[in-house]
Amino acid sequence: AKQLFPKNSKKGKPTFSKETAQEYFTKTYSDESRSHQFDPPEGLVRPESPGIPFATEGPTAVKLEREVKKKKNGAKPGPNGLNYLIYKKLPSVRYRLLLICQRVHELGNVPFQWAMAYMILLAKYDEVDSPDLFRNIALTDCDGKLYFSMISRDLEDFMVKNGMIKTDIQKGFLTGIADCVEHTFAFNEVFRDAYENTRQFISTLKMHMEA
């Protein structure tokens, strides 16, 4: 892909002040209605209670090692400067992280440092005098991401085993499923069929779904 497209990436350092960036990104990523309590729509039928309980034991050595192995060695670290490689190469350090994760899970209090990010601003245009002219990448601490990866895996197992996620429909972001390859191939076949038979795409899609 890099050989197909011209190398015209924009470069430039921001010329706006720290105060301007703080005001813009605070407004962009804040949610004033975060604590709002939503009521269920009228007539909504409450689902049955799950038959398989949620795994409440939290982080374990097996879970942590599994998540560490899945992470890329070249991933950029967050504000604390520690990448995944240190947890892969040093079991003693990984064990210390396990103790921290277990303590966090026990107290139910996520460290403030795991909510912080080192933000990198990449210019989208030649102009660099406004925050909205940049694409930002937020780098958070790898140890926090490992903790949330374990919790995310437990939540995924809970929802899949209780039928809350239909794996024949939802493909992306599920463990052990080849992302969206199957859906992409299916859409390609639908487009091809619609083109060759000169009919509307939506009609062809409906036929394939019913089949």
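Me: What should I know about the numbering and the model first?
Reply: Residues are numbered from 1 along each chain as its sequence is written. The model is predicted, so local features need pLDDT of at least 70 and side-chain atom pairs pLDDT 80 or more, while totals for chains, interfaces and linings use all residues; side-chain values use heavy atoms, without hydrogens and water.

Me: How many residues are in the largest nonpolar core?
Reply: 13. A nonpolar core is a set of buried Ala, Val, Leu, Ile, Met, Phe, Trp, Tyr and Cys residues joined through side-chain atoms within 4.5 Å. Buried means under 20% relative accessible area, exposed over 50%, partly exposed in between (1.4 Å probe, protein chains only).

Me: Which elements give two or more residues to this core?
Reply: α2 (61–70), α4 (91–107) and α5. Helices are DSSP runs of H or I, at least four residues, and strands are runs of E, at least two, numbered from the N terminus.

Me: Which residues have the most contacts inside that core?
Reply: Leu64, Leu97, Cys101 and Leu146. Leaving aside neighbours within four places in sequence, Cys101 is in contact (heavy atoms within 4.5 Å) with Pro59, Trp114, Tyr147 and Met150.

Me: Is Asp154 buried or exposed?
Reply: Asp154 counts as buried because its relative accessibility is 7%. Asp154 is found in helix α5, residues 142–161.

Me: And Arg153, buried or exposed?
Reply: Arg153 is buried, with a relative accessible area of 17%. Its place is also in helix α5.
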